[in-house]
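Here is a short briefing on how one protein chain packs together. Look at the sequence and the structure, then read the points below.

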Amino acid sequence: MILPGATLGMLGGGQLGRMFTIAARTLGYRVCVLDPDPDSPAGAMADEHLCAPYDDMNSLRRMAVSCEAVTTEFENIPAGSIRALASDCVVHPSARALETTQDRIREKTFIRDLGLPTAAFTAVLEAGELDAAVDGLRMPGILKRSSLGYDGKGQYPVNDIDSARRGFSAEGNVPSVLEERVELDREISVILARHNCGLVHCFPVAENEHRDGILDVTTVPARISTDQADEARRLASRLAMALDYVGVMAVEFFVTTPGDLLVNEIAPRPHNSGHYTLDACCSNCDVTQAS
């Protein structure tokens with residue numbers, strides 16, 4: 001047990017890190033933030049802001065010495081930094097969880113290998129694989145770069161091989177995923193927390209609307225059936241357990257027009273669709289335990 005008065009570390013200093021820092025300090029913890037931005041929102045609220053790259057070994061050593069536990073604000077922290085910290089202090093999520101979720105090819109393959117439903121997809125590592133990828137899927141589709149794509153960035157609509165080539169070239173011919181578009185009824189997400197003993201709790205399922213690829217409105221509870229909500233929580237919990245994930249994470253789903261659930265992606269961190277929990281939930285609320 002890590003009691004108030006201890007120092008907690010945060011890799012990443014954006015809005016989610018700021019919310020974490022405010023909550024931690026309110027509870028009596030000290031916070032050390034590592035973020036290269038001198039104007040980091042979380043760094044401005046922290047007891048200490050290490051303004052350095054995420055792989056700066058001097059800063060990582062300083063964090064490991066001063067912090068009882070360290071977590072991350074977003075998924076693109078170098079896995080090597082997590083491993084370096086984990087040799088000296090408690091770090092969650094693990095390097096394995098981040099490596100799996102920060103790359104779409106690894107993430108979608110991991111989900112599919114577990115037997116969980118996803119939109120049909122294929123990996124495209126180089127331009128020469130585009131023809132087979134387009135031929136092997138039903139068009140229209142969407143081409144998504146495998147890494148560093150978020151909030152709708154790095155995504156291109158694909159109707160034929162020519163549009164696939166244009167999209168692949170526009171992103172610098174980096175590894176990507178081509179997936180079929182689905183008949184979409186709505187998008188939902190499950191925010192969960194998993195303890196290192198294996199216990200999982202889920203918050204009410206959220207329904208999300210996006211504008212220009214960025215989350216715009218979240219409605220809770222999601223306008224889905226009880227069976228769909230139960231299934232979403234079950235699938236999200238299974239992913240957390242398969243990753244041996246410890247901490248807060250989110251799983252995004254597509255709800256198709258027939259009513260089926262497809263796993264879209266995993267966010268190994270707090271998620272914007274969970275902002276409602278700051279005001280709509282209290283510390284002694286009985287959230288749903290997933291089986």
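Phe253 touches Arg186, Glu187, Ile188, Val190, Ala232, Leu235, Ala236, Leu261, Leu262, Val263 and Asn264, leaving aside residues up to four places away in sequence. Contact means heavy atoms within 4.5 Å. This is a predicted model: local features need pLDDT of at least 70, side-chain atom pairs count only at pLDDT 80 or more, and totals for chains, interfaces and linings use all residues. Residues are numbered from 1 along each chain as its sequence is written, and side-chain values use heavy atoms, with hydrogens and water left out.

**Nonpolar cores**
- A nonpolar core is a set of buried Ala, Val, Leu, Ile, Met, Phe, Trp, Tyr and Cys residues joined through side-chain atoms within 4.5 Å.
- Buried means under 20% relative accessible area (1.4 Å probe, protein chains only).
- The largest core holds 27 residues, and Ile188, Leu239 and Phe253 have the most contacts inside it.
- α5 (104–113), β10 (184–194), β11 (200–202), α8 (226–242), β14 (247–256) and β15 (261–267) each supply at least two residues of this core.
- Helices (H or I, at least four residues) and strands (E, at least two) are DSSP runs, numbered from the N terminus.
- α8 gives the most, with 6 residues.
- A second, separate core has 19 residues, including Cys32, Ala52, Ile82 and Cys89.

**Helix packing**
- Helix α2 (residues 57–66) packs on helix α3 (residues 79–86) at about 40 degrees, with axes 9 Å apart.
- Axes are lines fitted to C-alpha atoms, for helices over the stretch in contact, and angles run from 0 to 180 degrees between N-to-C directions.
- Met57, Leu60, Met63 and Ala64 of α2 meet Ser81, Ala84 and Leu85 of α3.

Conventions:
Buried < 20%, exposed > 50% of the residue type's maximum accessible area, 1.4 Å probe, protein only.
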